[in-house]
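I opened this entry to look at surface, aromatic rings and core in turn. My notes follow in the order I looked things up.

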Amino acid sequence: MVVDVSDTASSPEGTSKKIDSKFVIQTDKISVTSAEFQSMDTTGGAGTFRTLISAPGAGYAIVPLNVFMNVTYVSGSASNTILFLGFVSNSTQLYWSSVSKFMFAGANASWSLQSSNAGKGSFNGINDNKPFLMYANQNFTEVISADVYVTYNIIQL
């Protein structure tokens, strides 16, 4: 429910109206710590990914539109680590987007990402109630942190 303040037919404060969730586009800010970057290896273990958007519930799917990242570089030698965004925390074949040599420059960086599936798809099966995740092909060696802004909507399947 939303309140339409321009429609005062029901009340001087506005009229309550129903809005369909397919019309809501949302942006969330997620802070990713250096410790999280340094434990993003897809080979398994406790801290192998960072959830950017939690699973929306049965019968719903996340549709990412854009991911913008401001990455702060502190120290460390540049690595050849690939950053992935997707719905499966260990897939380097099925993902929404990726960045090769993510922090190779060894400096502060900003990234704006959109889907880069190129026919591979982003999930093997029906994407029902899946979280949207950040993970990597190996742990980062650099000391970095990031503010990640994910713009998306949630649809009912």
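**Surface first**

I started with V2, which counts as partly exposed because its relative accessibility is 37%. I am working from a predicted model. V2 sits in strand β1, residues 2-4. V2, I19 and V24 make a nonpolar surface patch of about 200 Å².

**Aromatic pairs**

Next I went through the rings. I note both distance and angle, because a pair of aromatic rings is described by the distance of the centres and the angle of the planes. I get a count of nine aromatic pairs. I looked up F37 and F140 and found an edge-to-face pair. Their ring centres are 5.3 Å apart, with 90° between the planes. Where do F37 and F140 lie in the chain? I find F37 in helix α1 (residues 34-37). F140 is in the loop between β9 (132-136) and β10 (143-156). The two are 103 residues apart, so I log this pair as a link between distant parts of the chain.

I checked burial for both rings. F37 has 0% relative accessibility and therefore counts as buried. F140 is also buried, at a relative accessible area of 3%.

I turned to F87 and F132. They form a tilted aromatic pair, 5.4 Å centre to centre and 55° between the planes. F87 is in the loop between β6 (83-86) and β7 (97-99), and F132 is in strand β9, so this pair ties together parts 45 residues apart in sequence. I find F87 and F132 both buried.

I also checked for a cluster of rings. F37 and F140 belong to one aromatic cluster with F102 and W111.

**Core**

How many residues does the largest nonpolar core have? I find 27. F37, F102, F132 and M134 have the most contacts inside this core. I then asked which strands supply the core. At least two residues come from each of β3 (26-32), β4 (50-53), β5 (60-75), β6, β9 and β10. β10 gives the most, with five residues.

I ended on M134 and listed its contacts, leaving out residues up to four places away in sequence. M134 touches V32, F37, M40, F49, R50 and L52, among others. Further along the chain, its contacts include M69, L83, F84, L85 and V148.

Key:
Residues are numbered from 1 along each chain as its sequence is written. This is a predicted model: local features need pLDDT of at least 70, side-chain atom pairs count only at pLDDT 80 or more; totals for chains, interfaces and linings use all residues. Side-chain values use heavy atoms; hydrogens and water are left out. Patches are made of residues with over 30% relative accessible area and no salt bridge: like charges are joined within 9 Å, nonpolar side chains (Val, Leu, Ile, Met, Phe, Trp, Tyr) within 5 Å. Accessible areas come from the Shrake-Rupley method with a 1.4 Å probe; for residues, only the protein chains shown count as cover. A salt bridge is a side-chain nitrogen of Lys or Arg within 4 Å of a carboxyl oxygen of Asp or Glu. Helices (H or I, at least four residues) and strands (E, at least two) are DSSP runs, numbered from the N terminus. Buried means under 20% relative accessible area, exposed over 50%, partly exposed in between (1.4 Å probe, protein chains only). Rings of Phe, Tyr and Trp (its six-membered ring) pair if their centres lie within 6.5 Å; planes under 30 degrees apart count as stacked, over 60 as edge-to-face and the rest as tilted. A nonpolar core is a set of buried Ala, Val, Leu, Ile, Met, Phe, Trp, Tyr and Cys residues joined through side-chain atoms within 4.5 Å. Contact means heavy atoms within 4.5 Å.
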